Amino acid sequence: MTSLISLRNITRTVSLADGSPLHILRDINLEVEQGEYVSIVGRSGTGKTTLLNILGMLDKANTGTYHLNGADVYGMGERRRTRLRGNTFGFVFQQFNLLPKRNALENVTAPLFYGKGSQFWRRNSIAEAGLTRVGLEQRLESMPGQLSGGEQQRVAIARALVRNPAVILCDEPTGALDVETGAHIMATLQDVAHQNNAALIVITHDLSIAEKADTQYALADGMLHLVHSAREVLA
């Protein structure tokens, strides 16, 4: 059976100012199945965000292979990779990346301009439903500067989910939220992933979130270590 995501022997290295190499990721091997909930924990500076960017096709590895649904990502042209990224991934960034001159509804609507058929024509009602799902139905017309950090995070989450992506990539999705709201948002992410049989990949410092994943990894010194896997239990 072909995994939804397959990384093999992935490395990522950058050159420092003095020309010496900095090894961010070392020999990463990762398989993610459709519908699987994966968490990755690790201290700051261990390469978690770099790994997430590689998974989301925002960055490329120096060496190794990446297959998405059996297709060789690094064997594709840039245009095809860009189209595949937009059609496959929903991103929840740690820094939110909201459009500062667009209100909450317009921010969530933005990805739907790339949709087709009813998804495009019903974009406003779909976006409104997405904001309602994260508890922001009263903030549709609020600009990012009028929203708290937690509210901005919820707008970012609604935007990530609005096109029902096959893979949801989250970088500290509850980092700006209180415990109760964070629990609600994680339940929403898991519920949407389950409804769409989407893979949910979460980078987090919160062990209570990480331990609920089907498969949990720890990233240390640029290397990925398996903590637990439901697949092993079922095997």
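## A first tour of the predicted model

Residues are numbered from 1 along each chain as its sequence is written, and side-chain values use heavy atoms, with hydrogens and water left out. Helices (H or I, at least four residues) and strands (E, at least two) are DSSP runs, numbered from the N terminus.

- Strand β9 (residues 215–220) pairs with β10 in the antiparallel sense over 6 bridges; two strands count as paired if DSSP finds at least two bridges between them.
- β9 and β10 make a hairpin with 2 residues between them, and Asp-221 in the turn has a positive phi of about 55°.
- Both strands belong to an open sheet of 6 strands, in the order β6-β7-β8-β3-β9-β10, with mixed pairing.
- At the edges sit β6 (89–92) and β10 (223–229), each with a single partner strand, so one side of each has no neighbour in the sheet.
- From one strand to the next, the twist averages 20°. Angles here run from 0 to 180 degrees between N-to-C directions, and axes are lines fitted to C-alpha atoms, for helices over the stretch in contact.
- Strand β3 (residues 37–41) and strand β8 (residues 199–203) run parallel and are joined by 4 bridges.
- Within that pair, Ser-39 stands opposite Val-202 in β8.
- Helix α6 packs on the sheet, touching β6 and β7 (167–171), and its direction makes about 175° with that of β6. Contact means heavy atoms within 4.5 Å.

**Two helices side by side**

- Helix α6 (residues 149–161) also packs with helix α7 (residues 179–196), at an angle of about 5° and with their axes 11 Å apart.
- That angle makes α6 roughly parallel to α7; the label covers angles under 35 degrees, with over 145 being roughly antiparallel, 65 to 115 roughly perpendicular and the rest oblique.
- On the α6 side, Arg-154, Ile-157 and Leu-161 take part, and they meet Thr-181, Ile-185, Thr-188, Leu-189 and Val-192 in α7.
- Sorted by class, this contact has 5 nonpolar, 2 polar and 1 charged residues. Ala, Val, Leu, Ile, Met, Phe, Trp, Tyr, Cys and Pro count as nonpolar, Asp, Glu, Lys and Arg as charged, and the others, Gly among them, as polar.

**The four-stranded sheet**

- Another open sheet has 4 strands in the order β2-β1-β4-β5, and its pairing is antiparallel.
- Its edge strands are β2 (21–32) and β5 (71–72), each of which pairs on one side only.
- Strand β1 (residues 5–15) and β2 run antiparallel, joined by 8 bridges.
- In this pairing, Val-14 stands opposite Leu-22 in β2.

**Around Thr-50**

- Thr-50 lies in helix α1 (residues 48–55).
- Thr-50 is buried, with a relative accessible area of 17%. Buried means under 20% relative accessible area, exposed over 50%, and partly exposed in between (1.4 Å probe, protein chains only).
- Leaving aside residues up to four places away in sequence, Thr-50 touches Arg-12, Ile-24, Leu-25 and Asp-59.

**Salt bridges**

- Side chains of opposite charge can pair when their charged atoms come close.
- The structure holds 4 salt bridges. The term means a side-chain nitrogen of Lys or Arg within 4 Å of a carboxyl oxygen of Asp or Glu.
- One of them joins Asp-59 to Arg-12, with the closest N and O atoms 3.1 Å apart.
- That pair links distant parts of the chain, 47 residues apart: Asp-59 is in the loop between α1 and β4 (63–68), and Arg-12 is in strand β1.
- Asp-59 counts as partly exposed at 23% relative accessibility, whereas Arg-12, at 16%, counts as buried.
- Arg-81 and Glu-78 also meet through their side chains, at 2.6 Å from N to O.
- About one helical turn separates Arg-81 and Glu-78, because they are 3 residues apart in helix α2 (residues 78–88).
- Arg-81 is buried, with a relative accessible area of 10%, while Glu-78 is partly exposed, with 47%.
- Glu-151 forms a salt bridge with Arg-139, the closest N and O atoms being 3.2 Å apart.
- Glu-151 sits in helix α6 and Arg-139 in the loop between α5 (123–133) and α6, so this pair ties together parts that are 12 residues apart in sequence.
- Glu-151 is buried at 15% relative accessible area, and Arg-139 is partly exposed at 24%.

Notes: Predicted model: local features only at pLDDT ≥ 70, side-chain atom pairs only at ≥ 80, totals over all residues.
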